[in-house]
Each structure stands twice: as structure tokens, then as C-alpha cells.
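Let's take a walk through a protein model together. Keep the picture open while you read, and look for each part as it comes up.

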Amino acid sequence: MGLIRNLYASEMSDQIFIYFMRTILHYEESGIERLPLWQDFAEPVHGYLKLAMDLITEGELPETSELILKSEYDVILKNNDCSLNMLLCLNLIWNISCHIHYDQDPCAYMLDLGNLWGNRASEYAAVTFYPNLSKELQEKHQLTELVQRMPAHLLRMDDY
């Protein structure tokens, strides 16, 4: 677990995880009505994330979304000198956006990627994401006890 986190977690990937945690909370609260959320990533992440969110808000089918995101990913690779970190971040956007929109459980995939979360994403999850999830999702993902043990003064319930 530590090796993967040390090799692949980054500030940008943490920002992407937090963006999607916030998206899940807004989606759970009011559907796609308040999406997409504001984001200020640099290009090519900004445009790629905007596209992924547009596909969600437009209600595109998963097959269509995947084809478009894959094609745009290929164009980015062809036209940019991308680092491993950048490639990972683009893949996170592609995969997380598809999973939160089309899976029955919008946060299962995100939680499965917890080994890639850095300190900032882990902290956000503990003090904002987990406590704001529905009781049903907290129970399903065995987060209830964790949320109950979190000191109230550390919680940031409106940080999304």
C-alpha cells in the first residue's frame, strides 16, 4: 500500500479525487442539477475533465462516453508530452467519471482507488466526504464507525 501511494499519489491526482468526491456529494444531494462543479486545472486536464462532466450532464450512454473519452485521450497523447503523473490523472478522470455516473454505487470505484490517495485526498475523505455520504452508503462501505469516531471539531461538513 505505501509503495503504490509513494510512487503514484500526487497533488494533481489528489485534486482530481477531491473534485470527484465533491461531485458525488452534489450528485447524491441534487442529481446532475448542480453539476459540473467549478474547476481550475491547467490544460489538458481542464478540458478533459470538462468533457467528462459534460458527458455526464448530457446523459450520454456509457458506450458513447467511453469512445469519446478514449478518442480525446489519444489526441492528448499525440499532441502533448505527457508525464506518467499526467497520464494517470487523465485516466482517473476517464474511469472515475464513467463509474460515478453509470455504476449503481457512485462511490465504490472511488473507494477502491484509496491506495492512490495522497494525504490531502485522505484527509478530505475523512473530514468531509465520508461524513456527508448518505447513511446507506456509509453503512454499505463500512464507514459508519469511522465517521462516528471522528472528533466533531475536525469535521468540515459544508466543504463541498
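## Charges

The chain carries 11 positive and 24 negative side chains. Here Lys and Arg count as positive and Asp and Glu as negative, while His and the chain ends are not counted. How far apart do the centres of the two sets lie? They sit 4 Å apart, with each charge placed at NZ of Lys, CZ of Arg, CG of Asp or CD of Glu.

Before going on, know that this is a predicted model: local features need pLDDT of at least 70, side-chain atom pairs count only at pLDDT 80 or more, and totals for chains, interfaces and linings use all residues. Residues are numbered from 1 along each chain as its sequence is written, and side-chain values use heavy atoms, with hydrogens and water left out.

## Helices and overall shape

What is the chain built from?

The C-alpha trace spans about 50 × 35 × 25 Å along its principal axes. A compact globule of 160 residues would have a radius of gyration near 15 Å, and the chain's 16 Å agrees with that. That radius is taken over C-alpha atoms, and the globule rule is 2.2 Å times the number of residues to the power 0.38.

## Inside and outside

Of the 160 residues, 41% are buried. Buried means under 20% relative accessible area, exposed means over 50%, and partly exposed is in between (1.4 Å probe, protein chains only). The accessible surface of the chain comes to about 8800 Å², and 52% of that belongs to carbon and sulfur atoms. These areas come from the Shrake-Rupley method with a 1.4 Å probe, and for residues only the protein chains shown count as cover.

Now for contacts, meaning heavy atoms within 4.5 Å. Among the contacts with a separation of 6 or more, 70% are between residues 24 or more positions apart.

## Salt bridges

How many salt bridges does the structure hold? There are eight, each being a side-chain nitrogen of Lys or Arg within 4 Å of a carboxyl oxygen of Asp or Glu. One of them joins R34 and E29, at 2.4 Å from N to O. R34 is partly exposed at 38% relative accessibility, and E29 is partly exposed too, at 46%.

Next, look at helix α4 (residues 62-79), where D74 and K70 lie four residues apart, about one turn of the helix. Their closest N and O atoms are 2.9 Å apart in a salt bridge. D74 is partly exposed at 35%, and K70 is partly exposed at 40%.

Helix α9 (residues 144-149) has E145 and R149 four residues apart, which means about one helical turn between them. They form a salt bridge with closest N and O atoms 3.6 Å apart, and both are exposed. Elsewhere, E123, R156 and D159 are linked in a network of salt bridges.

Is H101 buried or exposed? H101 counts as buried because its relative accessibility is 17%. You'll find H101 in helix α5 (residues 84-102). Leaving aside neighbours within four places in sequence, H101 is in contact with Y27, I56 and G59.

K140, in helix α8 (residues 135-140), counts as exposed at 53% relative accessibility. K140 and V127 are 13 residues apart in sequence and 18 Å apart in space, C-alpha to C-alpha.

Key
Helices (H or I, at least four residues) and strands (E, at least two) are DSSP runs, numbered from the N terminus.
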